[in-house]
Structures are given as C-alpha cells and as structure tokens.
2 protein chains.
Amino acid sequence: MRAVDIIQKKRDRQELSSAEIDFFIQGYTRGEIPDYQAAAWAMAVLLNGMSDRETADLTMSIAASGEMLDLTAVVPLAVDKHSTGGVGDKTSLVVEPVVAACGLPVGKMSGRGLGFTGGTLDKLESIPGYRTNLSTEEFLAQLRTVGLVLSGQSADLAPADGKLYALRDVTATVQSIPLIASSILSKKIAAGAQAFVLDVKVGEGAFMRTLEEARVLAHMMVAIARLAGRRAVALLSDMNQPLGYAVGNALEVREALDTLRGAGPQDFWRHCRVVSAHMLALAGVTPDLGEGEALAESVLASGEALEKFRQLVMAQGGDVRYIDEPDRLPRAAYVNVIPASQGGYLAGLNARMVGETAVLLGAGRARKEDPVDHAVGIVVHHKVGEKVDAGAPLFTLHANDLERLQHAREILLASHTWSAEPVEPLPLFLDVIDG
Amino acid sequence: MRAVDIIQKKRDRQELSSAEIDFFIQGYTRGEIPDYQAAAWAMAVLLNGMSDRETADLTMSIAASGEMLDLTAVVPLAVDKHSTGGVGDKTSLVVEPVVAACGLPVGKMSGRGLGFTGGTLDKLESIPGYRTNLSTEEFLAQLRTVGLVLSGQSADLAPADGKLYALRDVTATVQSIPLIASSILSKKIAAGAQAFVLDVKVGEGAFMRTLEEARVLAHMMVAIARLAGRRAVALLSDMNQPLGYAVGNALEVREALDTLRGAGPQDFWRHCRVVSAHMLALAGVTPDLGEGEALAESVLASGEALEKFRQLVMAQGGDVRYIDEPDRLPRAAYVNVIPASQGGYLAGLNARMVGETAVLLGAGRARKEDPVDHAVGIVVHHKVGEKVDAGAPLFTLHANDLERLQHAREILLASHTWSAEPVEPLPLFLDVIDG
C-alpha cells in the first residue's frame, strides 16, 4: 500500500477502504507518512468529502493511534458530553456535577479556548490550585472515588488527532465535516465513552453558522457513533446570543456556582437540565427525559450537585474557599456598568462579537500559546426579546486595561440591535437527532 | 500575507491575485513556505482549477523563481518546441537540426524519460561522449556558433518547477491542467523563448488520453502564453500508435538519422515537417506553413539538416563516427523478429503497451533514479490500417535478457489488434490551436 495511491483515490472521489484509512493514519502518527502527504489528503477529504462509513473508520483509526481507556470496571456505561464550542458556554461546569450527583459517574477531558470560544480548562483554572493535568491513573482513581473528573486531554490518547489538527490549522483544512466529526468522536472513544450527548451549537457565535451545516455535522456524528458501536444523541442549540449572561473565565465559574445554588440564569439552567436528562437517559439511569429533568432538578434543589462540584475541586487540588465564597474569585481592576443608549426590544445580541470582545479584553486566545486573564470578561444583562429602557444597565465590562475597556464598550454597544416592535425570544434548542 | 489564507482562498474557489501567487511561489522556492502548505494548495488547485489569468501569473512566478536567460542578443526571435511526451517521439532529434539548417538558431533544454514515455536526453546519450549538462555560458556560446543546442535543463532555471514537481509526484497532484501548463511554459520562458510550438499528444500512449482534455490543456497553454506576452501554436497529434517505428534510445537515434538522410518512416517525417514549418512561421523565417514545409524538405534533401545534427554532436563532445556509421550505436544481445500470428488489417497498436514494454526491456525508467539501457527497445513494422499476412514480420525486439524478451513478446503480440475488414489509417494531427 502506498500513501500516494490513497491520496489519489480520495482525489478521484473514490471511497477509501478501512485498511487504507488505517494505513494512512497509523503511518502518519508514526511519522512514516510525511506532513505533505497528509496535507494533500486532508484537502482532498475537505473538497471531496467522506461517507459515514469512511468517517467511522477514520474515527476508530484515530482513536486507536494511542492508548485507549477502558472504563467498564468503573462505570457501567460511560456517557460523555461534547459541545462544539460557543460563547458563554459553561455547561460542563453544571451538567457534570448534576449528572454525577444523580449517580452516574462522569469523567470528562476538556480543551482550552481558541478564538472567540472559551474552554472549560481555562475556566476551571480560575480556581487557585485546580489541576487539569491528571495522569491516567489519577483520572481513573478519582472517577472511582468521587464519580466526577474534569481534566485535560491526555497526550497519550488519540495522538493522531493532535498531530492532524495542528496540520489542518495551517493548511486551511479545519472546516471539513468528516474531519471535525472524527476529531471529536475519536477523542471521546479513546477516553472510554460508550455513549455521547453532542451539543452542536448553531449561529453567529458557533463554528457552524447555519442550521443546515450543523445538521449535517450532527447527523454524521450520530451515524458514525452507531457504526462505531456507540450511541449518540445530538442536540442542535442556538448560539446567536451568549448562553447565560457571563462570558469570561472567573465570571463564568461564578455564574456556574450561582446556577448550582439555584440562582443562575433561567436559560442556562434549562439548557443544562435538558443536556443532563439526555445523559441520564442514555445511561439508563432514568427511563425517559422527563424523569431525567426532574432528577436533575432535585439534586440541584437538595444542594447535592453543588456538593459534588466542591468534591471535584477538592479532589483536583483546588482551593474550596473559592467555591464557598465566590467573591474570592479573580476580579478585574475596572468593573464598568454600561447603560443602554436607547430603549426598545432587544432584537439581537451578536454572540461572535461578544466572544471576540472577551478575547480582546484578555479572556481568550488569538493563538494557542497565548496566556489568558481569568478575571476579565463581560456580563450581559438582557436576552433577545426583552424590553430595555434607555439608560438601564445593558452590560458590565470587567477589564484590566482602560484602553481595551473603551474599545470593548464600543464593540458591545454595536453588538446589541434594537426594535420598536416586540421581538420573539430565541429558542434554546432547534432540533434533537437521535441515533 | 499568509500562506494559509492563500490556500483557503483557492479551497473556496476564489481567484488568487498575482501578488498572492507570487508570494506563494517565491516563498516556497526559498523554503519559507513548507512542503505541507504547498501540498494542500496544489490539491486545492487540482480540484478547484485556475483561470487562464491565474495560470499565466503562476507561470511567470515559476519562471522568475531563478535565473532567466535572455537570448535576444543571439536569436532575433527565440522559438522553442515542446512535446507533452509520447511513445517513439524522437521529433526533437529531427526538427531542431532541420529548423537550424533553415537559418533559425534553436537551443532546447530537454528532459529525461519517465514511465512509458521516452526523453530526448536519454536518446542522445546513446552517442558516446555526448554531454547533456552544458553550463549556461556553454549553451549560449554554442547557440551563437553552431545555431543548435540540445542539452539538459539547468538547475538555475525555474527552480520552483523542479521543487513543485517533486512534491506533486508524491501527493497525487500531477494531473492538473493549470499545473501541467505552467510547469511546461515556465521552463520555456525562463530559457528565453519568445514563441512556442506545443505538440500536445493525445491517446493511449500520452498523458492526455482524450481529445477533450488535450484540447483544454492546449487552449490553456496558448492563452497563458498570450497573457505572458509570448506567442504559441498548439498541435494536437495522435498518440494511439507509436510515432515512426522505433521505440528505445539508440533505436530512435538510428531512426532519426535515417530520417535526416531522407529514408525515415513517412509518418514521422511528415510530423517533423509540419512541426518545423510552424516553428519557421512563428519566427517569421517563412511567410506561411506551405513555404516552411518546402524549406524543411529542401534542407533535408540537400543534407544540410544531417550536417547540422553532426555539428551539434561534435560541439557537445559526442563521437561523430556514430553519426557517420550508425551501425556503431549500442546493440542489444538478442534481436528477435516476431512474425504475425494472424493475418488481416492492423486495427490497433496500443502505444501505451509498447511504451511500457520498452520500460520492461530496460529502455525507460520506473523511478527517476533508475539507469536506462540504451541498446534495447522495439521496432514495430506496421502502422494501423496496413494489411499484414500471417507469418510476416510484425515487430523486432532488441533485448539483453531472454526472460524479459519472452515477456515483451507476449505483451506486444497482445498490443496488436486485428480486423478482417479494411481499417482507416490513424490521422497524424487532430487539430491546430493558434494564439
């Protein structure tokens, strides 16, 4: 078998066999197939596509390129969740402790933020001491004892994915549905997941801007999960406005803690409750979504979910005083409340502009190697459809630099659009695709 | 400007600007843009195409990636010819001395054979002592004194082409019309040509199998030559059967010498006469094609063309006794005449199978670094349409290995197809595309 023939086959729109895909991925991982051949192949895949069968094979080959965790001794059926990335998306910080408190052990490997979307690890590191680099042994031990882990991706899992992603990033081959789908699922499968809830974000503040492309990605992921012998449910959720109110690392941890105390934004808690119910149903903890939502509601009300989060932070070396007294979390030097310059119904709140403003303030990264400022960010005060009076607080900026604050203020004012007529609120979920 | 953005633009089917193309090509030549970005770009070009304007810019950028020869002090209007490669295509060995004998100085840089097609340099090296690695100074001096040069491509000319070709070869990006067209013309332009006759081969024994794709390539080359301020004529010529009778290095030199003595195969001399007439007309040496053909005929009949070839060989260090007594040329150990196993009208003579058989015998290369055997090859005895009696000589094999000879015999017998009904001869030329 030769790499050049495999590239040519994909160039000519032919379907690659399982053996060809595995030859290519394992050869690339071992460095026997050079970057230039992988780059030509990735461009051919991007432009000519892949069938569900090819994508499932690609997923399994990437998963098998390194260590594969076996969680069956710890969790009867390991369920994982994945969000394709959004603005203000602190869902994992609430859903995972809720689900764990419901009796389903969950161990999640998360990523860092890049571009206008945030990352769970950056948020958790707002809590002094919190370790995100657990070893595989620590990960498994904590899953067993605490029933909840939120850590970083181990370099030993799916190494082909890291190598391929770095190459795609510099060869304009990121935006390929089969490559995105296989990247997401291969890591989940290597981490031992048997079932997934996939939160596919759609809209201005997401990688998938249109419902059509999000639907294609969701269908493909559900199909390849089935072909790979896993179960998956994909939720298509709106990302035209931020989820909740807070955008920025410590600000989002604060909002997640508020939510776990029962005092978070309504939309955000509804979102988390639905995602939790899908995870509980997939695992068979509850017989249907209704009972799952009810169970999630009960562990929130009883404080068990918050307690589980506290146990998580303690287990991973974080200072739990920051959980008990969230005012201790990092605070920016300047906290400015910006009033609405006009009144009316809020017609739009461009999530991408909000995300990019958070990056501008220092909350996110333009490049992978950039540091993040945990204190800075944005808290918006209204959701689309709400009526706002001129002069009422519109958003609050948390900044460590006056010039950036001024710049952020202008962008954010422009990111709010207005209507004199009543405007419908945006939906939370647009569709559910069930395998 | 960033390479990744240029790749993305081509990925998204947008037209690249002159500046973007030049940034990419010069950056790649200098090693600032890595192979993996060039590979992704080449695949995007192959799958999404390039406009004539982009291809002309690409051609000029590749030409400008190294030294550019200026022949204006030596030749009033430098005309070059290029064949896209065929089987038995020894045209340069006859056309160039004929044209030079007509008073038009020609300096040609040729390539080596690869795969089923032969290369002019390999053929010339059948003549002991013949040097194909002239320096630029030697090339120019000989063009001035002899009016005829047949040498190898200087590494200083269009280095981007060599680098890009090697990459395309291993990334399945050879078969792209804009990349083929720019590769051909960039080398000609860097070598100082002001006008070109492009012999685009079509059929089983050519890279372009169909008239449609050959026509696309021919039109594109003529168009980009015009955009680059050069003139070009493209001849579409049949390559379903070998050109002439001989296939193999020394055998083709022998046939070229026979032709220069007025005793070559009819089809081959007609082909050479037409190509010569186009070169003479482009240079303004003769006012039209008819007078060009007549002039070519006269320098052949007078012996001036043969004398010019003899001067060429002497100037480049070759032993002219091999020109005066062609029996001295390398001979194979086994020379077997194979009779027709059946009679009838010759309906087909698969040029690709003939070319591949020559490689099998050792006349060509499967890989660039392979050596060639100058003595071996094939002489077919009939053209499509001829009536052949069973038992009459069908072809002669020249081999240095009995096992390969036996294998070649079987393939070649199968490459001849027969008809009981009369069959039309194949045309020499299918079309002429004039800029």
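In the predicted model, a polar contact of 2.7 Å joins the side chains of B:D122 and B:R365, a polar contact being a pair of N or O atoms within 3.5 Å, where within protein one must be able to donate a hydrogen and the other to accept it, and residues adjacent in sequence count only if both atoms are side-chain atoms. Local features need pLDDT of at least 70 and side-chain atom pairs count only at pLDDT 80 or more, whereas totals for chains, interfaces and linings use all residues; side-chain values use heavy atoms, with hydrogens and water left out, residues are numbered from 1 along each chain as its sequence is written, and chains are lettered from A in the order in which they are written.

B:D122 lies in helix α6 (residues 120–124) of chain B, helices being DSSP runs of H or I of at least four residues, numbered from the N terminus. With 2% relative accessibility, B:D122 counts as buried (under 20% relative accessible area, 1.4 Å probe, protein chains only). Leaving aside residues up to four places away in sequence, B:D122 touches B:R112, B:G113, B:N249, B:R365, B:V372 and B:H374.

Between the chains, 21 residues of chain A are in contact with 21 residues of chain B, contact meaning heavy atoms within 4.5 Å. Chain A and chain B bury about 1,700 Å² between them, with 75% of this on carbon and sulfur atoms (accessible area, 1.4 Å probe, that two parts lose on being put together, summed over both). On the chain A side, A:R11, A:Y36 and A:L47 lose the most area to chain B, together accounting for 35% of what that side buries.

How values were computed
Helices (H or I, at least four residues) and strands (E, at least two) are DSSP runs, numbered from the N terminus. Buried means under 20% relative accessible area, exposed over 50%, partly exposed in between (1.4 Å probe, protein chains only).
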